[in-house]
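Work through these exercises with the model open beside you. Try each task before reading its solution.

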Amino acid sequence: MNLSKRLQAVATLVDIKARVIDVGCDHAYIDIYLTLNNDNKCIATDINKNALEIAKKNIKKYDLENKIETKLTNGLTDIKVKDKDNIVISGMGTFTILEILKTNKLSNTLIISSNNNIDILRREVINLGYYIDSEIFLIDKNKPYIIIKFIKGIKKYNKIDILLGPILKNNIEYKKYIIKKYKNILNNISKKKILLRLKYKLMILGLKLV
Ligand SMILES: C[S@@+](CC[C@H](N)C(=O)[O-])C[C@H]1O[C@@H](n2cnc3c(N)ncnc32)[C@H](O)[C@@H]1O
């Protein structure tokens, strides 16, 4: 199975042999990969009937129906989550992810890759009683992705940790990417908007100093 670079990175954060609950599985590629390569069992869920039908076909093609259960549901509704499960949520926006996390019983390990608002995701999941165990930054097909593994427990974080990530703030590739992004934004801000330009200049300077 040829898994994208992004999903391979998600898979590296999953605990070997753990039961995985993949919320928003779509094609179920990661579930197939994990059962074949990581000795996981999976519950692959999706809110979309068509997506789940495609997942079922893919699972059947690999003869993995005894290792991957499928469920048509919203988030984690009607799933009996156990503490040791790994909940994987990848490819959705932060607010959808938070809605799912805040309205259900959760496991001790969450592996999340959100499409947007990563700082809000960090802050809110930390407020739910998790700490950040691992963070991965990667570019796949010219798009940036961040994947975070949260584990139940308490750690203290400062504003920079929330904004850039307690691990990613020390990642040179990630810092280079963010500085380039802020420089591009700065170049497109009108010279008349002095305060906004100053804000971005200070952020770039701050990033160079972190
Ligand atoms: C962009 S796909 C990501 C698929 C896969 N997880 C990945 O990372 O490649 C997002 C999937 O999440 C599903 N989804 C969106 N909201 C959901 C929710 N509240 N509960 C379950 N699935 C949801 C969509 O139907 C879609 O199949």
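A residue is near a molecule or strand if its C-beta atom, placed from the backbone, lies within 6 Å of it. The model is predicted: local features need pLDDT of at least 70, side-chain atom pairs count only at pLDDT 80 or more, and totals for chains, interfaces and linings use all residues. Numbering starts from 1 along each chain as its sequence is written.

**Exercise 1. The ligand shell**

Task: Find which residues come nearest to the ligand, and name what supplies the shell.

Solution. The ligand has 17 residues around it, and Gly 24, Asp 26, Asn 48, Ser 90 and Gly 91 come nearest. Next, turn to helices (H or I, at least four residues) and strands (E, at least two), which are DSSP runs numbered from the N terminus. At least two shell residues come from each of strand S2 (41-46), strand S4 (86-92) and H4. S4 gives the largest share, 3 residues. Finally, sort by class: 7 are nonpolar, 8 polar and 2 charged. Here Ala, Val, Leu, Ile, Met, Phe, Trp, Tyr, Cys and Pro count as nonpolar, Asp, Glu, Lys and Arg as charged, and the others, Gly among them, as polar.

**Exercise 2. One face of a helix**

Task: List the buried residues of helix H5 and explain why they line one face.

Solution. First, the cut-offs. A residue is buried if 20 or more other C-beta atoms lie within 10 Å of its own, exposed if 12 or fewer, and partly exposed in between, with C-beta atoms placed from the backbone. In H5 (residues 118-127), Ile 118, Leu 121, Arg 122 and Val 125 are buried. Seen down the axis of H5, these buried residues fall within an arc of 100°, so they line one face of the helix. That arc is taken over the directions from the helix axis to the C-beta atoms. An α-helix has 3.6 residues a turn, so residues three or four places apart point the same way. Now look at the cover: it includes helix H4 (94-102), strand S5 (109-114), strand S6 (130-140), strand S7 (143-152) and helix H6 (159-164). Leu 163 is found in H6. Its C-alpha lies 10.0 Å from that of Leu 121, 42 residues away in sequence. Leu 163 is partly exposed, because 19 other C-beta atoms lie within 10 Å. Just after H5, Gly 129 takes a positive phi of about 100°.

How values were computed. Contact = placed C-beta atoms within 7 Å.
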